[in-house]
Amino acid sequence: MTKVEIFTDGSARGNPDGPGGYGTILQFTDSKGVLHERELSGGFVRTTNNRMELLAAITGLEALNRPCQVDLYSDSKYLTDAFNQHWIDSWVRNNWKRGKSGPVKNIDLWERLLKAKAPHQVTFIWVKGHAGHPENERCDKLATAAADGDELMIDEGVDS
């Protein structure tokens with residue numbers, strides 16, 4: 001199984017109602033030991049930062065064309081805690097309810113993320129403020145550029 005690292009970031013430009021964009025970087029080493037990278041960036045979307053973070057993770061997982069072992073790095077505790085602290089298991093078990101506090105937000109994207117994750121072995125890793133991961137800084141720049149633009153952007157990275 002191919003080992004892939006995915007670095008993600010979302011940006012709503014400080015405005016809870018957008019404009020938002022997201023950046024995702026896929027990295028893997030092929031059988032010859034050559035490192036490959038692919039950068040994906042989502043264009044202008046008027047939405048919240050949490051939705052941008054989820055879209056960044058979804059985009060990375062959906063870009064994989066075969067089952068992989070994935071380390072997914074994100075500075076979103078909302079995203080990483082949902083899996084690492086098993087919130088999402090509870091949400092699904094409780095029919096997308098959060099106990100007495102009402103329904104889970106972003107159900108459409110959580111369902112899409114679960115579907116994208118299903119064929120892979122995924123470990124979600126929280127990166128506090130991008131410390132030690134310059135790839136996440138690149139993702140942040142991609143996300144910011146997407147939020148500032150008005151078109152979907154995919155750069156000329158190596159296709160996996």
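For the feature "binding site", an unreviewed UniProt entry lists Asp9 and Asp140. The two positions span 132 residues in sequence, yet no two of their C-alpha atoms are more than 5.5 Å apart, so they gather at one spot. UniProt positions are given here in the numbering of this chain, with feature names shortened, and the annotations may be inferred rather than shown by experiment. The structure is a predicted model, in which local features need pLDDT of at least 70 and side-chain atom pairs count only at pLDDT 80 or more, while totals for chains, interfaces and linings use all residues. Residues are numbered from 1 along each chain as its sequence is written, and side-chain values use heavy atoms, with hydrogens and water left out.

Aspartate 9 is part of strand S1, and aspartate 140 is part of helix H5 (residues 134–148). Helices (H or I, at least four residues) and strands (E, at least two) are DSSP runs, numbered from the N terminus. With a relative accessible area of 2%, aspartate 9 is buried, whereas aspartate 140, at 26%, is partly exposed. Buried denotes under 20% relative accessible area, exposed over 50%, and partly exposed the range in between (1.4 Å probe, protein chains only).

UniProt also places the feature "binding site" (unreviewed entry) at Asp9, Glu53 and Asp75. These positions are spread over 67 residues of sequence but cluster in space, with a largest C-alpha distance of 8.6 Å. Glutamate 53 belongs to helix H1 and counts as buried, at 3% relative accessibility. Neighbours within four places in sequence left aside, glutamate 53 is in contact (heavy atoms within 4.5 Å) with Asp9, Gly10, Ser74, Asp75, Ser76 and Leu79. A polar atom of the glutamate 53 side chain lies 3.3 Å from the backbone nitrogen of glycine 10.

In overall architecture, the chain has five helices and six strands, which follow the pattern β-β-β-α-β-α-α-α-β-α-β along the sequence. Of its 160 residues, 47% count as buried. Among the contacts in the chain with a separation of 6 or more, 70% are accounted for by residues 24 or more positions apart. The accessible surface comes to about 8,300 Å², and 50% of this belongs to carbon and sulfur atoms. Accessible areas come from the Shrake-Rupley method with a 1.4 Å probe; for residues, only the protein chains shown count as cover.

In soluble globular proteins, nonpolar side chains tend to be buried together. A nonpolar core is taken as a set of buried Ala, Val, Leu, Ile, Met, Phe, Trp, Tyr and Cys residues joined through side-chain atoms within 4.5 Å. The largest such core holds 32 residues, of which Leu61, Val70, Leu72, Leu79, Trp110 and Leu113 touch the most other members. Two or more residues of this core are given by each of strand S1 (2–11), strand S2 (20–29), helix H1 (49–62), strand S4 (68–74), helix H2 (77–84), H3, H4 and strand S5 (121–126). H1 supplies the largest share, seven residues. A second, separate core has six residues, including Phe7, Val127, Cys139 and Leu142. In the largest core, leucine 79 is among the residues that touch the most other members. Apart from its neighbours within four places in sequence, leucine 79 is in contact with Glu53, Leu54, Ala57, Leu72, Ser74, Trp110, Leu113 and Phe124.

In H4, the residues Leu109, Trp110, Leu113 and Ala116 are buried. They cover an arc of only 125° around the axis, which puts them on the same side of H4; the arc is that of the directions from the helix axis to the C-beta atoms. An α-helix has 3.6 residues a turn, so residues three or four places apart point the same way. The buried residues of H4 pack against H1, H2 and H3.

Most residues other than glycine have a negative phi. Tryptophan 96, in the loop between helix H3 (87–93) and helix H4 (107–117), has a positive phi, near 60°. Asparagine 106 lies in the loop between H3 and H4, and its phi is also positive, near 65°. Tryptophan 96 counts as buried at 11% relative accessibility, and asparagine 106 counts as buried at 13%.

Definitions and conventions:
A polar contact is a pair of N or O atoms within 3.5 Å; within protein, one must be able to donate a hydrogen and the other to accept it, and residues adjacent in sequence count only if both atoms are side-chain atoms.
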